[in-house]
Amino acid sequence: MSEQRFGEYVVVRREGHVAELVLDRPKAMNAVSSEMARSLAAACDALAADAAVRVTVLTSSNERAFCVGADLKERNSFTDAELVRQRPTARAAYTGVLELPMPTVAAVHGFALGGGFELALACDVIVADATAVVGLPEVSVGVIPGGGGTQLLPRRVGAARAAELVFTARRVEAAEARELGLVDLLAEDARTGALEIAGRIAANSPVGLRAAKKAMRLGQGLDLRAGLEVEDAAWRSVAFSGDRAEGVAAFNEKRKPEWPGE
């Protein structure tokens, strides 16, 4: 296993083809300060450029929280001008996770509130355990979910359900979160469960995984005909790849594929 630190608050661990992106500001329950946002964006840039990573798991080093959202103590000290200048920094952290080219899995243990839940929503799959409490409480402090929540939550659970959750600002515990589709899977331990799923994902073709994710992301919101064109373009991008040739050969030879990743 290799480990790389980005600033004080973000760590990337790589083991095999799985990367673990660790939110590591435990004393603040991973509240996203400007410094942490810059580090998260930098870590995502590095991961996006690493062709060896087939799946990224987003985890927390804090025992009580995945992430409690924006650092409101820091925000309280900002002038209006400083808040405006900080906005691109904050956005880069959330879009960094959202735009990772490989599949992503969030491991939600404890509180995932506001921007913390938005980081999870930016992932493809959310695994939670019984400690999980999720929600978008931003309207209760006079703002709106600004890390993608107003767009990602409706796409996940539908417009009416998202509206109820955003407008009431309520917190949702694990069992109800699973029932409503706010999280995808419940595990005894979120991190362990997420890493297990990541291992299963990482066994598959890296070329296929990235192309499938791209097709699903680009096809969201399109009509069916346009979506199928997006899918066809993605198919053409992998149909003549080394991974495709190896996958077919391995199937016919009844052996485990050794993906060239190209």
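1. Before the pockets are described, the term needs its cut-offs: on a 1 Å grid over the protein atoms alone, a pocket is an open set of points where a 1.4 Å probe fits, with protein on both sides within 12 Å along at least five of seven lines, and lining residues have an atom within 4 Å of a point. The model is predicted, with local features needing pLDDT of at least 70 and side-chain atom pairs counted only at pLDDT 80 or more, while totals for chains, interfaces and linings use all residues. Residues are numbered from 1 along each chain as its sequence is written, and side-chain values use heavy atoms, with hydrogens and water left out.

2. The largest pocket has a volume of about 740 Å³, a volume being the space filled by probe spheres set on the points, which are joined across faces, edges and corners. Its lining comprises 28 residues, and those nearest the centre are Ala 70, Leu 72, Arg 75, Glu 138 and Val 143. Helices H2 (72-76), H3 (80-98) and H4 (115-121) each supply at least two residues of this lining, and H3 accounts for the largest share, seven residues. Helices (H or I, at least four residues) and strands (E, at least two) are DSSP runs, numbered from the N terminus.

3. By class, the lining of the largest pocket has 14 nonpolar, eight polar and six charged residues, where Ala, Val, Leu, Ile, Met, Phe, Trp, Tyr, Cys and Pro count as nonpolar, Asp, Glu, Lys and Arg as charged, and the others, Gly among them, as polar.

4. The second largest pocket, with a volume of about 460 Å³, is lined by 18 residues, of which Leu 121, Cys 123, Asp 124, Arg 217 and Gln 220 lie nearest its centre. Two or more residues of this lining come from each of helix H5 (149-157) and helix H9 (206-219), with H9 giving the most, five residues. The lining of the second largest pocket divides into nine nonpolar, three polar and six charged residues.

5. Turning to the strands, which pair if DSSP finds at least two bridges between them, S1 (residues 2-6) and S2 (residues 10-15) are antiparallel and share five bridges. Glu 3 has Arg 13 in S2 as its bridge partner. Three residues separate S1 and S2 in this hairpin, and Gly 7 in the turn has a positive phi of about 65°.

6. S9 (residues 133-135) runs antiparallel to S10, joined by two bridges, and Val 134 stands opposite Val 172 in S10.
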